[in-house]
Amino acid sequence: MNYLTVENISKSYGELELFRDLSFSIHKDDKIAFVAKNGSGKTSILNILSGDDTPDSGQVIMRNGLRVSFLSQSPKFDPNLTLNQTIFNSESPQLKIIENYERALQNPEDTEAYQKAFEQMDIHNAWEFELQFKQILSQLKLDNLEQKINTMSGGQLKRLALAEALISNPDLLVLDEPTNHLDLEMIEWLEQYFAKAQLTLFMVTHDRYFLERVCNEIIELDHGKLYTYKGNYSYYLENKEARIAQDEVETNKAKQLFKKELDWMRRQPKARTTKSKSRIDDFSEIKKRAHQRRKDHQVQLEINMERLGSKIVEFHNVSKAFKDKVILDGFEYVFKRGERIGIIGKNGTGKTTFLNMLTHNLEPDSGKIIIGDTVKFGYYTQGGISVKPEQKVIDVIKAFGEFIPLTKGRQISAKQLLERFLFDGKKQHDYVEKLSGGEQKRLYLCTVLIQNPNFLILDEPTNDLDIVTLNVLEEFLLDFPGCLLVVSHDRYFMDKIVDHLFVFKGKGEVQDFPGNYSDYRDYASNLPSETTSEVPTDISEEKEAQNKAQKLSYNEQKEYKNLESKIRSLELDKKALEEKFTDTSLTQEAINDLSVKLQKIIDEIETKELRWFELSEKFES
């Protein structure tokens with residue numbers, strides 16, 4: 001079933017042409033990734049699909065009644081609303097029913113309203129949707145439903161936008177870098193969610209494991225042309241390589257033909273026959289083909305960085321806390337030459353704080369951090385580059401250095417470094433303010449590298465970088481001979497670059513793990529679980545429930561399934577109310593109100609569980 005067709009769209013901003021005459025289609029159950037270099041117009045295409053922008057020419061044809069939800073890089077919300085109000089500020093009928101039910105829970109003394117809301121949940125089978133809705137908020141760590149939007153961080157707002165997009169249950173979900181601002185645990189949950197869900201997706205993402213495990217089609221915009229690959233990331237890489245090899249063969253043939261035709265053109269008399277005129281027209285096409293040049297670059301550098309002494313960086317009994325939040329507690333570590341360490345952990349566990357202490361931008365509460373005399377840090381932060389009006393790309397780099405020394409007396413100039421990081425000669429003389437967000441991040445990376453550090457620190461370097469740039473960066477880092485310390489949520493990047501991890505677990509605990517990210521996941525998956533999930537998700541339990549349901553009549557199967565969802569949802573409501581009793585500032589009146597609400601939910605759970613057991617006993621007897 002065709003959902004959407006893009007026909008010959010073009011987009012320009014002034015003299016800058018992003019793309020021309022692009023056409024593709026999206027069908028039901030497609031999970032498509034859109035791949036292109038930064039500055040090619042990926043975000044513009046997403047904005048056109050979502051209706052937030054229009055093409056200069058061409059059109060987008062949508063199926064009648066198609067519901068589209070768009071996750072943008074910079075979501076906007078009403079700052080005066082709470083998280084809860086924002087979620088329910090939707091046209092979704094099921095969300096309206098759940099909102100009424102949640103409101104009724106807050107006012108249990110209004111028995112008639114509560115009963116009506118409960119019946120509507122039954123009639124519209126909203127229990128399972130409510131359970132899914134709560135699980136999404138829980139997985140994305142959006143627990144404080146009364147938090148005001150104007151108090152939320154950029155990462156929280158991005159997670160809220162993602163939750164809103166998922167909960168709206170659209171026909172087509174359009175996503176711009178959905179894994180940005182998510183920690184590794186959230187990314188893996190979202191990956192599994194998308195892989196299993198019957199959703200139609202069109203996304204831009206640089207997360208290559210995401211592409212591998214979620215997508216069934218990849219569309220690449222390369223040098224102004226679209227190429228479609230009906231498979232995941234591995235399939236894309238294999239077939240792209242074959243396509244490029246074939247292009248090179250055809251280009252070489254065109255070059256030979258061009259030489260032959262050029263010789264013929266020079267020998268022709270002024271009078272032309274019809275046949276020769278046709279050959280002349282063909283010649284122009286051959287010439288165009290023969291002069292094509294791919295602008296892909298591979299970095300193979302033998303960097304001659306400043307020598308590292310025997311003493312590099314030492315942490316001795318270092319502790320750091322912000323009020324009750326402990327970041328480090330007696331941390332000890334001595335860095336060695338050539339170490340390549342990755343830092344992982346949930347958001348808020350202190351990864352960036354650790355980097356700021358290492359670079360002496362923040363002092364520890366106790367202990368010592370000793371930096372060797374020969375250490376020269378290169379620190380890529382999440383803040384990015386400061387754009388100055390009318391400053392050109394090449395001038396930004398030259399302000400930090402003219403070249404990087406290589407072995408055997410060679411060197412790489414600022415211009416050559418930019419070329420290797422995909423800034424061609426024309427782009428180098430563009431104004432920085434005209435660059436896309438990803439291009440500015442790429443330029444900032446070059447300003448760090450041109451300073452030729454021997455201890456490189458990268459804080460989320462992969463955010464907003466396209467896959468082509470990531471491959472270039474990875475090749476550069478694989479050649480980098482100094483110490484490397486990386487904070488990243490990009491699992492593919494971490495697996496390729498690091499061989500050692502600091503795992504920030506919170507409450508001051510940092511695990512020193514020998515291996516890359518996939519090694520750690522294998523290790524962690526074999527550890528005994530420390531906590532039991534609030535909602536049972538064991539596959540064997542689900543299969544057992546399915547087998548039970550198959551022995552019931554159709555109506556009983558439906559009732560049985562709904563009861564399970566209702567009970568789970570009510571248990572979550574019960575837990576939320578019980579947590580409110582821990583507030584020591586509650587008045588006696590408030591405690592009494594909470595007690596009434598809690599008892600009502602407990603009674604409801606008991607009633608539902610009783611019916612569930614009745615249905616269970618049917619096939620056991």
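How many helices and strands does the secondary structure of the chain come to? Before you count, keep in mind that this is a predicted model. Colour the chain by secondary structure and you can look for 21 helices and 20 strands.

**Stop 1: the whole chain**

The chain has 621 residues, and 47% of them are buried. Now think about how the chain folds back on itself: of the contacts between residues at least 6 apart in sequence, 69% join residues at least 24 apart.

**Stop 2: helix H1**

Select residues 42-50, which form helix H1. Is this helix mostly covered or mostly exposed? Mostly covered: 8 of its 9 residues are buried. Among them are Lys42, Ile45, Leu46, Ile48 and Leu49, and the buried set also includes Ser44, Asn47 and Ser50. Step just past the end of H1 to Gly51, where phi is positive at about 90 degrees.

**Stop 3: Ile136 and its neighbours**

Next, select residues 127-139 to bring up helix H5, and pick out Ile136 within it. Ile136 counts as buried because its relative accessible area is 2%, under the 20% cut-off. Which residues does Ile136 touch, leaving aside those up to four places away in sequence? Show Ala163, Leu166, Ile167, Trp189 and Tyr193 to see them. Then draw a distance from Ile136 to Tyr193: their C-alpha atoms are 9.7 Å apart, while 57 residues separate them in sequence.

**Stop 4: the cavity**

The structure holds 1 cavity of 30 Å³ or more, and about 40 Å³ of space lies in the largest cavity. To find it, select the lining residues Thr179, Asn180, Ile187, His206, Asp207, Thr462, Asn463, His489 and Asp490. Coloured by class, this lining shows 6 polar, 2 charged and 1 nonpolar.

**Stop 5**

Most residues other than glycine have a negative phi. Go to Asn317 in strand S10, residues 313-322. Asn317 is not a glycine, yet its phi is positive at about 50 degrees. With 45% relative accessibility, Asn317 is partly exposed.

Finish at Asp464, in the loop between strand S17 (455-459) and helix H16 (467-479). Here too a residue other than glycine has a positive phi, near 70 degrees. Is Asp464 buried or partly exposed? Its relative accessible area is 22%, so Asp464 counts as partly exposed.

Conventions: Residues numbered from 1 in each chain as written. Predicted model: local features only at pLDDT ≥ 70, side-chain atom pairs only at ≥ 80, totals over all residues. Heavy atoms only, no water. 1 Å grid on protein atoms, 1.4 Å probe; cavity = no way out; pocket = protein on both sides within 12 Å on 5 of 7 lines; lining within 4 Å. Points joined across faces, edges and corners; volume = space filled by probe spheres on them. Nonpolar A, V, L, I, M, F, W, Y, C, P; charged D, E, K, R; others polar. Helix = DSSP H or I, 4+ residues; strand = E, 2+ residues; numbered from the N terminus. Buried < 20%, exposed > 50% of the residue type's maximum accessible area, 1.4 Å probe, protein only. Contact = heavy atoms within 4.5 Å.
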